[in-house]
Amino acid sequence: MKYSRSLLTVGFVIMVVVHLYVPISMIYDAEHVLTKGKAYRFRVAPIDPNDPFRGKYIILNFRDNSCSVANTEDWQYGEKAYGVLEEKEGYTVVKSIHKERPELDNYCALNISYTDSGKVYFSYPFDQYYMEESKAPKAEAMYRTRGADTSKPIVAVVHIQNGRAVLADIRIGDSTLREMIR
Amino acid sequence: MKIDLKELEDAKIISSDTAYAIREYYRSKSTQSPNRLVIAFSILGAVLVGLGIILIVAHNWDQLSRGVKTTLSFVPLIVGQFAAAYAVFKAKQSIAWSEASGCFLTFALGACIALISQVYHIEGDLSEFLFTWSVLILPIVYLLRSGMVSLIYMVLITYYLVETGYGLSRDAFVYRFWVLWFANVPFLYSLFKEKKHINFIHLHSVILPISLSIGVGSLSGKFTPLSSIAFMSLFGLIYGFGHLYRVSAPNGFSIYGSLATMFLLYWLSFENYWETLDYIDWTRSLFFAQTFYAALFCFLLALGFYVFFFKINGWNFKDYLRPIMTVFVLYSLIFVLGQFMPGMAQGLINLLILGIGIFILKQGASSRHLGMMNYGLALISILVICRFFDTDMSFVWRGLIFIALGFGFFAANYRMIQYRKKT
């Protein structure tokens, strides 16, 4: 397999551009949503697994993870869906779920988990919060020792714009999770 | 073999021109031939540094601001790109440079994407990450002609398939694995054709069969029992490829093909399989099942391969036909029979294993090949041991049979060694 020098140069330049384009576009998209998107507050409960490549993160268990539907048989495990969001008692909940992208700004993507007694249960795609490796277990331990302290609920602040969501922070009362375990 | 060219030249056995040509040939060969140790250590170094960067990145430095973290994530990537540029445009002959810079760039890319995903908690799971990473490193395989990056690529796409193609998390993107797999075929073709990098060929001959087997496994859906035909045909094909592509006498392909075929045969030799078999409904719905087409495709591919194999070997079955080569055809017939007479099918599978064992044992004994003879003995012994699980034989009998098998091994090996000593 031999290439001419010009083909090699063109190929190499394209490769370098693509290699730089992919991470830069990831940064650009996320920054865009963080600055332009609206902030939503979801109630969560963290647990702590880890990922062999990307290090320690906290998995967020969202409290509001279901929605009533007319017919549960329309929804299958693993299916992609779109949830229209609304504010309820200061927190964000999913008002309705749809198969097609809604013509609104306040929606996000969802993955259907299961259905039960007239409700569809789902997971959010922004359920991983990466932390410094020594801090992720501490965060989980702190959550466990807090027990049923509901006076300061844990909230995931998620910026959303046109369905694209970026998890910005985890807040406990007035402070962030990072500040609390520093 | 050391030849004194001067002596041959003086004795007028070769001309001075020929002597010159021989000297030049070896001189150019010695400069071209890669120093394997240097290549191995450069790859090892690059892989370790690359993995080290990924681990450091995975620490997820909280003290650093978002801007600093994202900027830092590009540093290894840019260093990798410069190293790759040097390897491609300056150090053209150096395999060590190509391999080391290719490996480093591969890991730097993974680290860069991983760090950005961390910083922004970007949605997407491990499989999406593996997919993006694999797509991005494919050009490195071709531009740097790196055998090591090709290996990493095959491992990554196989890992991607394991994440997406199996169990409950099985998703609609399984086809991506095959697209990525075939995207690497032109490189593999040149690697196997040029036969320059024997070590990489050996490593690929282990990774490729594993990756193909996992790939075929992911194709099974409805009518799961049919996937045994797909697997048997694939193993037969891999075994045959090992005999067609003779880079070394037993190679990864032929060893894997043989062992995998026998393993599957043993599994099928149990009563359990045929008793609990989810019998095929031979109606129209069969023709809508993915497993059916996977089995048909693998079977026809293996059949076509062997037609080609024997055609180029002048239809010389005597010298080229091996028992493992026939298994996928025989098994397919037994499988169909098993739908109606499971007991008979199970019996035939046992006979097939026994036949293969005896054939290999006989072949080993007649060619005085100790390894082959023991392989044949082992095949028969495993069959006997397997049958212990099916029957209600008393422990005394089981014990006696084990002892007899053990003595059989001793006696056969002893006789063979004695015979070798005599001759």
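1. Basis. In this predicted model, local features need pLDDT of at least 70 and side-chain atom pairs count only at pLDDT 80 or more, while totals for chains, interfaces and linings use all residues. Residues are numbered from 1 along each chain as its sequence is written, chains are lettered from A in the order in which they are written, and side-chain values use heavy atoms, with hydrogens and water left out.

2. Chain B overall. Chain B has 19 helices and zero strands (DSSP runs, H or I of at least four residues for helices and E of at least two for strands, numbered from the N terminus). Its C-alpha atoms fill a box of roughly 80 × 70 × 45 Å along the principal axes. Of the 423 residues of chain B, 47% count as buried (under 20% relative accessible area; exposed is over 50%, and partly exposed lies in between, with a 1.4 Å probe and protein chains only). Among contacts (heavy atoms within 4.5 Å) in chain B between residues at least 6 apart in sequence, 71% join residues at least 24 apart.

3. Interface of chains A and B. Here 40 residues of chain A are in contact with 50 residues of chain B. The two chains bury about 4100 Å² between them, 63% of it on carbon and sulfur atoms; buried area is the accessible area (1.4 Å probe) that two parts lose on being put together, summed over both. Four residue pairs, both residues at pLDDT 80 or more, are in polar contact across the interface. A polar contact is a pair of N or O atoms within 3.5 Å; within protein, one must be able to donate a hydrogen and the other to accept it, and residues adjacent in sequence count only if both atoms are side-chain atoms. On the side of chain A that touches chain B, α1 (5-36), β3 (55-62), β9 (128-130) and β11 (164-172) each supply at least two residues. The largest share of that side, 18 residues, comes from α1(A).

4. Salt bridge between the chains. One salt bridge is counted between chain A and chain B (a side-chain nitrogen of Lys or Arg within 4 Å of a carboxyl oxygen of Asp or Glu). E31(A) pairs with R66(B), with the closest N and O atoms 3.1 Å apart. E31(A) counts as partly exposed at 25% relative accessibility, and R66(B) counts as partly exposed at 38%.

5. Salt bridges within chains. Over all chains the structure holds four salt bridges. In one, E79(A) and K99(A) bring their closest N and O atoms to 2.5 Å. E79(A) lies in the loop between β4 (66-68) and β5 (80-88) of chain A and K99(A) in the loop between β6 (91-98) and β7 (107-116), so the pair ties together parts 20 residues apart in sequence. In another, E128(B) and R176(B) have their closest N and O atoms 3.2 Å apart. E128(B) is in helix α6 (residues 126-143) and R176(B) in helix α8 (residues 175-183) of chain B, so this pair ties together parts 48 residues apart in sequence. R176(B) is buried at 14% relative accessible area, while E128(B) is partly exposed at 31%.

6. Nonpolar patch. V336(B), F340(B), M341(B), M344(B), L348(B), L351(B), L354(B) and I358(B) make a nonpolar surface patch of about 720 Å². Patches are made of residues with over 30% relative accessible area and no salt bridge, with like charges joined within 9 Å and nonpolar side chains (Val, Leu, Ile, Met, Phe, Trp, Tyr) within 5 Å. Helix α17 (residues 342-366) of chain B gives the largest share, five residues. F340(B) sits in the loop between α16 (323-338) and α17 of chain B and is exposed, with a relative accessible area of 59%.

Notes: Areas by Shrake-Rupley, 256 points an atom, 1.4 Å probe, with all protein chains shown as cover.
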